[in-house]
Amino acid sequence: ATDVGIYVIGLVALGIVVLGLLSYRSEGTRRTVAVIWDLGTFWPRTVHPFAPPCYAERAVPELARRITALTTRGGVIISGHSHGSVLATATLLQLPEEVLPRVALLTHGSPLHRLYARLCPAFLGDQVLHEAGNRINWRWINLWRNTDPIGGPLFSAHRPGEPPRTQGPPGTVDRRLRDPTGITVQLDDTVPPPINRHWPYHTDPTYETAVRELAGRLDPNGFPPSR
């Protein structure tokens, strides 16, 4: 057993070195390792005691305090890309009831359903996602692309112009973005439009439209009087 343990430890060490070299040379490998690292370090050490320290134990309460303070000045739109959408949703569940009318949520490239709802349904399953939506009266927009290997729809994977597959407010959350935006070369360019995949969504015009829509849906009666 001792000999086997020594060989296993040696292989693990060798595997870490090889993985580090592959990550250095391959952008795709780096992204995969980053996703696994984010997923593992999000949970507290009580779940897996040999993991690195959990950053969510500090980040979520700090975000909640920051958002609570900002709501004293007006409405707040929480925007989270990729794993940031997980932190944003977890923070939303920690906010005091009195500030919720002043809060809206914008997620993009979110792995909430594709990864977390499937791997950790007791903590971020469909029931929890519905609870988060109800807390802010469904002032929630989720942007996603078919080409995104990490992010995806949360409630209804319908295309633009099609009726939502989920009835009620949850069916209005997901907004699918076309990617690529076209297949022909623009007159002022020399190459076809790029495939954005998991690239941050804030450069897409739909992102600005979503921000404006959510800002218009914030409850003006929930704001404190101006000073």
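A: Let's start with a term: buried means under 20% relative accessible area, exposed means over 50%, and partly exposed is in between, using a 1.4 Å probe and protein chains only. The model is predicted, so local features need pLDDT of at least 70, side-chain atom pairs count only at pLDDT 80 or more, and totals for chains, interfaces and linings use all residues. Residues are numbered from 1 along each chain as its sequence is written, and side-chain values use heavy atoms, with hydrogens and water left out.

Now to S82, which sits in the loop between β1 (76-81) and α4 (83-92). Those labels are DSSP runs numbered from the N terminus: helices are H or I with at least four residues, strands are E with at least two. S82 isn't a glycine, yet its phi is positive, about 55°. Its relative accessibility is 16%, so S82 counts as buried.

Another loop, between β4 (174-177) and α8 (205-217), holds P180. A cis peptide bond links D179 to P180, with omega about 0°.

Finally, the helix: in α5 (residues 112-119), L112, Y116 and A117 are buried. They span an arc of only 95° around the axis (taken from the directions from the helix axis to the C-beta atoms), which means they share the same side of α5. On the face turned away from that buried side you'll find R118 and L119, both exposed.
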